[in-house]
Amino acid sequence: MNKISQRQLFFLLGCVAPVGKLVILPARLAANAGGDLWIPALFHVLVQSAVIFCVLLLAKRGKSFYELLADTFGQIIAKILSVLFALFLLYAALLPLLEQQIFVRGVFYDTLPSLAAFSPFFLFSAYLCAKPLASFGRVWDILGPMAIVSFAGILVFSATNADYLAVLPVGSAGLKGIAGSTALSFSWFFDSALLIPLLGKIEYKRGAAWKGTLCYLAGGFAVLLFLVTFFGIFEGTAGNQLFAFTKTSKYYSAITALGRIDYVFIFALALVMAFYSALPLQGSIDCVLQAFGKKRYLPTLLSIGVNLLFFGFTVFFDFRFNLAMEFISQKLFWIFPVFTVLLPPLCLLLRRKRHESA
Amino acid sequence: MKITGKLDRDLGTLKQLLPAEDILTFDFVSVKGLAFTVLFADPITDKELLGEQVIRPLLHYDGKPTAEEVGRKITSPEKRTETDLAKLSEEVLAGNPVLLFEDMDEAIIVGTKKVFVRAIAEPSTDVAVKGPREGFIEDIKINTSLVRRRLKTPELKIEFLNVGRRSQTYVAVCYLEGTSVKQTVEEIKTKLEEIDLDIVPDSSYLTHFLASRPYSLLKQIGTTEKPDIFCAKIAEGRVGILVDGSPIALTAPYLLVEDFQSSEDYFVPPYRATFTRLLRLLALFVAIYLPAFYIAAQLFKLQLFPVKLLLTIAGSIRDIPFSPSLEMLLVLFVLEILNEASIRMPKYVGMALSVVGALVLGETAVSAGFVSTPAIIIIAFSGIGLYAVPNLIEVTSVVRLAMLLVAGSVGTYGIILLTGFILLYVVTTENFGTPVLAPFSPIVGRDLRDSIVKYNLGSLELRPRTLKSPNKRRLGNE
Amino acid sequence: MKARNLIKTIPMKLYVLLAAVILFAFFSNDFGLVDIQKTAVILAAGVDRSEEGFTLTAQIAVPKGSDRSQGGTSSVEIDAEGKTISDCVSLIFSKTGWVPKLVFCDLIVIGENAAKEDVISYLNYFLRSEYMPDSCKLAVCEGTAKELLSSTSAIDDASSLAIDKLFSDAAEKSGNVMTNTLKDFAIGYYGASKSGYLPYIRMTDQDGSQDPAGGTGGTGGTGAQQSEKIYSAEETAIFSEGRMVGLLPREQTLAFSLLKGNVEAGTLNVPDRDETVTLSVLKNEGGIDLEMKGAPIAKLDLSVMVRLCCRGTTAPMQDISSDGVPDAILERAKTVLDGYVRDLWQICKESGCDLFDLRRALYRSSLKKYAEWKDYLLASVTPEIKTEVKSMK
């Protein structure tokens with residue numbers, strides 16, 4: 001239970017791209033890039049794949065992020081950098097969590113419920129974050145297949161109603177539209193950063209780097225397929241369709257007779273998303289624990305603290321989601337490429353010093 | 001405290017140790033003048049056997065006054081000598097008479113215990129239409145003989161321990177040497193030896209001490225009443241525990257998937273077994289989730305109902321004085337009470353209870369407008385589903401109630417989060433180094449062949465990898 | 001030691017606290033929720049133009065109580081006038097005390113007057129709402145939507161359920177009706193073609209007399225004095241930039257269905273000397289394409305496979321047992337279909353409705369040409385109609 005097996009890692013990598021990008025991102029991309037919404041996504045998938053390959057090469061060394069930094073820079077700087085990275089993960093977690101909040105309040109209720117409806121998530125997250133990060137691996141043995149089946153189910157239900165030619169002509173958004181969409185979607189594609197806290201906890205076997213990258217690519221292409229299907233269903237109105245994955249499958253003809261059977265898949269994906277949304281928080285806490293050691297009650301206290309903080313954020317940003325999204329994905333979007341595109345390959349340059357205990 | 005050889009003195013000491021009135025003593029003198037006293041617990045000693053096999057031969061004894069010689073004259077097959085008076089008193093309490101001799105510093109214990117046993121019958125909690133019908137009973141000796149009869153191998157080890165300060169209950173640890181993991185066997189024995197209980201009335205007392213998470217909601221030790229299942233589990237590499245006085249045997253390590261398997265699955269074609277296992281899984285999900293989703297849909301998300309069903313439900317609950325969640329909780333409580341009462345109630349009242357439950361509480365409550373028909377249907381479905389996996393009833397009924405409460409307070413998202421909680425809890429639970437949710441998490445591909453899906457016997461040539469048995473192969477050459 | 005014991009018991013205390021909170025939430029039962037007993041399940045909505053702004057008529061399902069022996073669905077129609085649709089919904093709430101829920105609304109009917117202005121200007125209320133399924137059917141009706149929804153159907157308990165039957169898959173496959181949903185209509189509106197279509201509902205008395213448009217109406221669909229109505233939706237209203245600009249008669253609705261390739265069980269009447277022969281359409285393929293070689297050409301292709309269904313005169317037994325259609329009739333059928341398609345094209349061209357999504361086709365094929373032609377494509381495009389009628393062998 002202290003290590004994440006290769007299979008669990010692959011499930012995580014295969015699911016992390018689709019699960020995190022199905023709620024608001026499709027509508028945002030459609031609003032900004034129209035039928036070209038898949039181009040920014042393709043760019044991010046390819047870039048993230050390359051970066052994930054680098055992170056997995058780092059995982060081969062069998063050392064944690066903090067240990068890698070400490071080997072090169074010494075313990076003090078390593079501590080500072082680890083905390084800095086932990087802060088980045090907290091920053092990255094904000095948008096998915098706010099997204100989750102409006103998703104939950106929009107999809108699970110017929111009328112807008114009170115803010116308290118989302119608050120139980122933080123109980124769940126606090127429990128999750130207090131557990132060792134590696135114990136998370138086993139959950140993906142269940143969540144992985146569940147996410148794959150649910151996602152495939154939604155795609156199959158959706159595909160029958162999609163006009164795939166709607167994405168034509170390619171390039172209709174123009175360079176400016178595509179570049180703008182690429183920039184704003186950085187805040188959703190931080191998958192490589194989620195792997196950094198897992199360094200040193202992965203049971204690396206031969207070929208894991210390229211196999212893991214292929215898994216991520218497969219998940220990434222599933223996202224592209226979903227985006228194209230999504231646009232094929234909603235075309236010009238796609239920009240208005242929040243909670244994309246809950247909407248595409250409802251036009252399937254069997255739905256009329258049986259009721260919303262697609263909710264089985266939607267709820268299963270919502271369960272996976274609950275785990276996914278807590279992942280950056282968990283990673284952030286783990287980075288701090290790596291740097292300062294796992295003192296007895298520290299994980300629990302950190303977990304309670306972080307989740308209380310984010311509960312505060314959700315209260316503060318209640319009905320201010322667009323403001324937060326604009327701030328994170330447009331004004332400060334550049335923070336993401338620094339930590340998710342530049343940092344991981346640079347880590348490959350860290351010294352390969354033999355660990356003292358080795 | 002050792003025997004002194006002075007009959008009166010030793011007898012006095014023993015009487016002090018055993019002041020109970022049903023501890024009887026009788027004095028005898030043999031033809032050659034050897035004085036001896038028999039001390040036994042009246043209700044649990046077979047006096048006829050004692051007279052036939054012990055006293056009658058000794059009355060005619062004319063040999064040397066040594067325990068060894070005297071012992072040869074006793075025809076009972078179970079006999080041994082003992083010098084410690086405290087141990088002698090324990091044996092008397094266990095039903096074995098003690099013989100004390102004048103001028104002899106050893107006493108003889110004879111095994112003429114009177115054993116009251118019920119007949120071996122089919123256990124009511126684990127009925128199989130096809131397959132063996134024998135069940136364990138309360139006597140550990142008979143239970144071990146049932147096991148031994150099925151595993152005629154010298155590798156089968158049955159180690160006896162005494163647990164319980166006062167009850168001194170016999171506990172047998174059964175395993176196949178070379179097939180069970182040594183570490184698990186040792187861990188179980190250590191844990192059993194460390195138990196400091198007053199009495200052990202049933203095997204369930206021990207599960208608390210064997211579990212890695214004693215307060216866990218989940219079961220952590222497997223249970224069975226059937227020797228065929230017990231032996232099959234031992235043969236897979238598990239360790240079995242039999243407790244004197246309990247018909248329920250324990251097995252460890254325990255996997256959650258075990259409770260979805262029935263002995264009958266191995267006696268029917270694999271496709272049928274797979275179907276019934278899937279059915280059990282589905283029934284369990286229905287039992288846990290149906291009432292919760294019904295409530296969540298009514299309160300928070302009407303869209304979960306098709307429109308026609310919604311209108312039917314809306315019509316049914318229109319005049320109900322309670323909120324949907326409270327109504328469901330009430331019906332659930334009534335079901336649980338009925339269930340509890342029907343188990344405890346004498347059988348001849350059972351029929352009356354069914355009538356009261358079904359007609360009075362069901363039909364009348366609906367027509368009186370206390371509860372709605374859909375609520376009763378939902379709870380009835382859920383109740384039936386629960387009994388499809390009888391070994392998990394204790395857990396699932398609690399989970400169902402928890403689901404109902406979160407569904408009534410937070411709605412569907414509450415159900416999803418609670419599922420997440422439970423999932424996380426289950427995947428991180430291990431006992432004796434084995435993850436409870438294996439072979440699903442962690443996924444053990446080969447073991448999936450006998451999980452919810454059941455392959456043909458020919459495909460199960462290896463023992464479950466999850467149990468880490470050193471003896472991997474069970475079909476073909478080992 | 002005491003402090004350590006206290007810390008040890010914290011998790012248990014937290015669990016108890018959590019259980020207490022959940023129990024409190026369970027019994028207080030209030031997260032701003034509106035449960036089934038406080039809800040008005042709206043089955044259909046009708047929108048009409050009124051002096052004040054809009055009239056929204058909501059057909060609300062009324063639960064029948066625990067006695068289900070009679071089956072069916074009762075409903076009541078509540079209407080409200082307001083400046084916007086949202087205003088009307090609030091008024092319905094205040095009138096009834098039920099919270100109107102649109103999640104089950106499967107039909108929106110637009111009154112004739114309201115259809116003559118940009119319908120999206122008020123339908124956007126439904127498009128914006130996360131709690132309204134945009135997969136609901138959309139239709140225009142003769143007269144007012146209030147009148148239509150308040151009428152007593154001869155077919156079903158509620159008028160909306162009777163109308164819903166007109167829009168079934170089977171009806172669409174017959175080619176007699178072209179259904180559309182709110183989502184697809186909005187896609188057409190916001191797309192390059194800016195056009196769309198909706199089925200046009202007419203209401204007649206069961207005895208066959210046409211119902212005059214825009215009666216006084218009123219709430220409540222129970223009216224015993226009202227005569228029972230029959231609905232038909234064989235005509236299709238066509239829209240440009242959200243406004244209704246024309247009406248396709250029955251024949252052109254069929255032609256449009258055939259061009260879309262929807263028809264699998266329709267009928268086609270063909271004149272044959274003094275009688276009328278009815279052909280049954282078994283299979284249909286249709287295609288609409290735009291060719292930009294010099295002047296733009298709209299290629300309207302349709303092919304149907306038919307069998308003889310019935311003819312107006314008595315025929316010998318061997319003719320009845322044969323399903324084959326004589327070549328002469330096939331030729332006449334082709335001429336009839338050609339005529340239908342040509343008339344369809346003419347109506348669309350005159351009304352300025354890009355019913356065939358030609359602008360969309362141009363947009364998808366070339367951005368440059370789209371920019372060049374988009375404003376006068378409909379005026380300059382010429383149709384190339386190709387029909388093929390084959391007989392079942």
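These legends accompany several close-up views of one predicted model.

Residues are numbered from 1 along each chain as its sequence is written, while chains are lettered from A and ligands numbered from 1 in the order in which they are written. Because the model is predicted, local features need pLDDT of at least 70 and side-chain atom pairs count only at pLDDT 80 or more, whereas totals for chains, interfaces and linings use all residues.

**View 1. Chain B meets chain A.** In this interface, 26 residues of chain B are in contact with 28 residues of chain A. Contact means that the C-beta atoms of two residues, placed from the backbone, lie within 7 Å. Helix H15 (residues 412–427) of chain B gives the largest share of the side of chain B that touches chain A: eleven residues. Helices (H or I, at least four residues) and strands (E, at least two) are DSSP runs, numbered from the N terminus. By class, this side of chain B has 17 nonpolar, eight polar and one charged residues. Ala, Val, Leu, Ile, Met, Phe, Trp, Tyr, Cys and Pro count as nonpolar; Asp, Glu, Lys and Arg count as charged; the others, Gly among them, are polar.

**View 2. Helices H5 and H8 of chain B cross.** The axes of H5(B) (residues 140–150) and H8(B) (residues 227–236) come within 9 Å and cross at roughly 60°. That makes H5(B) oblique to H8(B). Angles under 35 degrees count as roughly parallel, over 145 as roughly antiparallel, 65 to 115 as roughly perpendicular and the rest as oblique. Axes are lines fitted to C-alpha atoms, for helices over the stretch in contact, and angles run from 0 to 180 degrees between N-to-C directions. B:Leu146, B:Val147 and B:Arg150 in H5(B) meet B:Pro227, B:Asp228, B:Phe230 and B:Cys231 in H8(B). By class, the contact has five nonpolar, no polar and two charged residues.

**View 3. Five strands form an open sheet in chain B.** The order is S6-S7-S9-S10-S8, and the pairing is antiparallel. Strands pair if DSSP finds at least two bridges between them. S6(B) (156–163) and S8(B) (222–224) stand at the edges with a single partner strand each, so one side of each has no neighbour in the sheet. Neighbouring strands are turned by 25° against each other on average, direction ignored. H5(B) packs on this sheet and touches S6, S7 (169–176) and S9 of chain B. The direction of H5(B) makes about 10° with that of S7(B). H8(B) lies across S7, S8, S9 and S10 of chain B, at about 50° to S7(B).

**View 4. Strands S9 and S10 of chain B pair.** S9(B) (residues 239–243) and S10(B) (residues 249–252) pair in the antiparallel sense over three bridges. B:Ile241 stands opposite B:Leu250 in S10(B).

**View 5. Chain C holds an open sheet of four strands.** The order is S11-S12-S13-S14, with mixed pairing. S11(C) (266–272) and S14(C) (382–391) are the edge strands, and each pairs on one side only. The twist averages 35° from one strand to the next. S11(C) and S12(C) (residues 275–293) run antiparallel and are joined by seven bridges. C:Asp272 has C:Glu275 in S12(C) as its bridge partner. Helix H11 (residues 327–351) of chain C packs on the sheet, touching S11, S12, S13 (295–311) and S14 of chain C. Helix H12 (residues 358–365) of chain C touches S12 and S13, and its direction makes about 40° with that of S12(C).
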